[in-house]
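Reader: I am new to this structure. Please take me through it in short steps.

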Amino acid sequence: MRIVLSETLRTLRHLVSVDIISSRSYKPTHSPPSRIACSACRRGPRNPQRYRLLSTTTRLSSEPPKAHRATERPIPQSKPNRPSTYYELFPQTLSAGPPPAGPFLIDVRALRAEFLRLQSIAHPDLAPPARKREAEAASSYINEAYKTLREPLARAQYLLRLRGITSHEDESSKLDENDQELLMEVLEAREEVEEAETEDVVWKLREVNEKRVEDCVRTLEELFAKDNLDEAKKETVKLRFWMNIRESLDNWEKGKPVVLQH
């Protein structure tokens, strides 16, 4: 037991002497780091060099370089927003905007002229390859706006949709007693088209129906100017019936049945 202890002590003394000699013979090229005392126990760390390296590493990882921080900028949104209404696409023809601020009736020739100018600018063939898809979308949107505003029925339906009202569904099952008279009038007009024998009869029926369409359009002008949306919806349904009769007259063939689309 004593032999073992003496050997252990001898080994410890050797290691200590070697450590002292090596530390005395080592000449550092820079000043050693200062000992940083703990605020709680007032003792310095066992390995100040390791502590300094860890502190430096932590500081570097928590604080990005200035060059890196300079590149962290929000990406600007370059995609433009679409106009809120179709009317904004045609500021020269429809400068007042949709009803009730602007009129329901539209100068179709002026609208077409402005439409052609827009298409000459936004045509996809004129766009660079990188912007071709955007140009195609813009051109399609302009076409849709023009076709909608050009026709009174599509325009009235669009104006109602802007106010949260739809008139595309089948209204024939929702007509009140007064509207039933309208439905009977439409059915009689359909029978007249089916029973027509000559082009002259069809021409006379077309004149009568065009008068109905014009009356509906004038009524819609008054109703939208007064912002009377409930009555405007009913008049739009009536206009859709007469537009169906117009289509039947345009496609008339002797003995061909007339199908009304609600």
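Reader: Which helices do the buried residues of H6 pack against?

Author: This is a predicted model, in which local features need pLDDT of at least 70, side-chain atom pairs count only at pLDDT 80 or more, and totals for chains, interfaces and linings use all residues. Residues are numbered from 1 along each chain as its sequence is written, and side-chain values use heavy atoms, with hydrogens and water left out. Helix H6 covers residues 152-162, and its buried residues include Leu153, Ala156 and Leu160. Those buried residues pack against H5, H8 and H9.

Reader: What do "buried" and "helix" stand for here?

Author: Buried means under 20% relative accessible area, exposed means over 50%, and partly exposed lies in between (1.4 Å probe, protein chains only). Helices (H or I, at least four residues) and strands (E, at least two) are DSSP runs, numbered from the N terminus.

Reader: How many helices and strands does the chain have?

Author: Read along the sequence, the pattern is α-α-α-α-α-α-α-α-α. The count is nine helices and zero strands.

Reader: What share of the 262 residues is buried?

Author: The chain exposes about 19200 Å², by the Shrake-Rupley method with a 1.4 Å probe. Carbon and sulfur atoms supply 54% of that area. Of the 262 residues, the buried share is 27%.

Reader: Is Thr148 buried or exposed?

Author: Thr148 sits in helix H5, residues 132-150. Contact means heavy atoms within 4.5 Å. Leaving aside neighbours within four places in sequence, Thr148 touches Tyr86, Ala154, Arg155 and Tyr158. Its relative accessibility is 12%, so Thr148 counts as buried.

Reader: What share of the contacts with a separation of 6 or more joins residues 24 or more positions apart?

Author: This value concerns the whole chain. Residues 24 or more positions apart account for 64%.

Reader: How many salt bridges are there?

Author: A salt bridge is a side-chain nitrogen of Lys or Arg within 4 Å of a carboxyl oxygen of Asp or Glu. One of them joins Asp125 and Lys132 at 3.9 Å, N to O. Another joins Arg150 and Glu151 at 3.6 Å. By this rule the count is 11.

Reader: How many residues apart are Glu210 and Arg246?

Author: The two form a salt bridge, with the closest N and O atoms 2.8 Å apart. Glu210 lies in helix H8 (residues 199-225) and Arg246 in helix H9 (residues 229-250), so the pair links distant parts of the chain. Glu210 is partly exposed at 23% relative accessibility, and Arg246 is partly exposed at 23%.

Reader: Which residues form the negative surface patch?

Author: Patch residues have over 30% relative accessible area and no salt bridge; like charges are joined within 9 Å, nonpolar side chains (Val, Leu, Ile, Met, Phe, Trp, Tyr) within 5 Å. Lys and Arg count as positive and Asp and Glu as negative, with His and the chain ends not counted. Glu191, in helix H7 (residues 177-195), is partly exposed at 42%. The patch is formed by Glu188, Glu191, Glu192 and Glu195.

Conventions. The place of a charge is taken as NZ of Lys, CZ of Arg, CG of Asp or CD of Glu.
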